Amino acid sequence: MTKLYEVQQAIYERLINDEVLNEKITGIFDAVPDESPFPYIVLGRIYSEPSDTKTSKGWRVEQILDVWSASKGKKETISIIESIKNALEEELSIDGVFVISQQLRNIEILEEVVDLFHGTVTYEILIDLEG
C-alpha cells in the first residue's frame, strides 16, 4: 500500500489550517471548481516509488503543489510559495506511517500566458509503513 491519499491529505490539512497562507489565496483544490478566482493552490501530480530496506517497507512520495496567480509579476506567487514552505516546515503527521524525512525538492515559477503565473513546489516525503 502506497499511502498516497494519506500523504496528500496530510499536506492538504497542514495547508488549509495555516492562517497566513489562507489570507493570500482563495482556496486549495484537488479539482478546481469552475470560475474559481485567483490566486489558489492545486494539489498537483503525486508520484511514489518503493523505498524498501532489509528491515522495513517504505515509499518515497513526491507531491507537487501548483500555485496559480493572475497578479502582475511573480511577487504574489513567490509570497504564496514562501507561505507554503513555512507551513510545511514541521514534520507531517500521517496515520499509519512513520515519516522518515520530508523536504522541499524544487520551486519553479513561469508565466503561462500574459499575467497568469504558475508556480510549482515539489515536496518529497519518505515514509516507513512499518513505523
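Predicted model: local features only at pLDDT ≥ 70, side-chain atom pairs only at ≥ 80, totals over all residues.
Residues are numbered from 1 along each chain as its sequence is written, and side-chain values use heavy atoms, with hydrogens and water left out. Helices (H or I, at least four residues) and strands (E, at least two) are DSSP runs numbered from the N terminus, and two strands are taken to pair if DSSP finds at least two bridges between them.

E1 and strand E2 (residues 40-50) pair in the parallel sense over 2 bridges, while E2 and E3 pair in the antiparallel sense over 9 bridges. Ile41 also takes part in the pairing with E3, where its bridge partner is Val67. Overall, an open sheet of 5 strands is formed in the order E1-E2-E3-E5-E4, with mixed pairing. Its edge strands, E1 (28-29) and E4 (98-113), each pair on one side only. Helix H1 (residues 4-16) packs on this sheet and touches E1, E2, E3 and strand E5 (116-128), its direction making about 150° with that of E2. Helix H3 (residues 75-87) lies across E2, E3, E4 and E5 and runs at about 150° to E3. For these angles, axes are lines fitted to C-alpha atoms, for helices over the stretch in contact, and the values run from 0 to 180 degrees between N-to-C directions; contact itself means heavy atoms within 4.5 Å.

Trp59 has its place in strand E3 (residues 58-69) and is buried, with a relative accessible area of 17%; buried denotes under 20% relative accessible area, exposed over 50%, and partly exposed the range in between (1.4 Å probe, protein chains only). Leaving aside neighbours within four places in sequence, Trp59 is in contact with Met1, Thr2, Ser48, Glu49, Pro50, Ser51, Ile125, Leu126, Ile127 and Leu129. Trp59 and Tyr5, 54 residues apart in sequence, lie 13 Å apart in space, C-alpha to C-alpha.

Asp66 is likewise found in strand E3. Asp66 is buried yet has no salt bridge, and the nearest side chain of opposite charge, that of Arg45, is 9.6 Å away. In assigning charge, Lys and Arg count as positive and Asp and Glu as negative, whereas His and the chain ends are not counted. When residues up to four places away in sequence are not counted, Asp66 touches Tyr40, Ile41, Val42, Gly44, His118, Gly119 and Thr120.

A search of the whole structure finds 8 salt bridges, each defined as a side-chain nitrogen of Lys or Arg within 4 Å of a carboxyl oxygen of Asp or Glu. In one of them, the side chains of Glu49 and Arg60 meet at 3.0 Å, N to O; this pair links distant parts of the chain, with Glu49 in strand E2 and Arg60 in strand E3, 11 residues apart. Glu49 counts as partly exposed at 29% relative accessibility, whereas Arg60, at 17%, counts as buried.

The side chains of Asp115 and Lys72 also meet in a salt bridge (2.8 Å, N to O). Asp115 lies in the loop between E4 and E5 and Lys72 in the loop between E3 and H3, so the pair ties together parts that are 43 residues apart in sequence. Asp115 is partly exposed at 24% relative accessibility, and Lys72 is exposed, with a relative accessible area of 66%.

A salt bridge of 3.4 Å, N to O, joins the side chains of Glu124 and Arg105. Glu124 in strand E5 and Arg105 in strand E4 are 19 residues apart, and the pair links distant parts of the chain. Glu124 counts as buried at 8% relative accessibility, while Arg105 counts as partly exposed at 44%. Both residues belong to a network of salt bridges that links Arg45, Glu49, Arg60, Glu62, Arg105 and Glu124.
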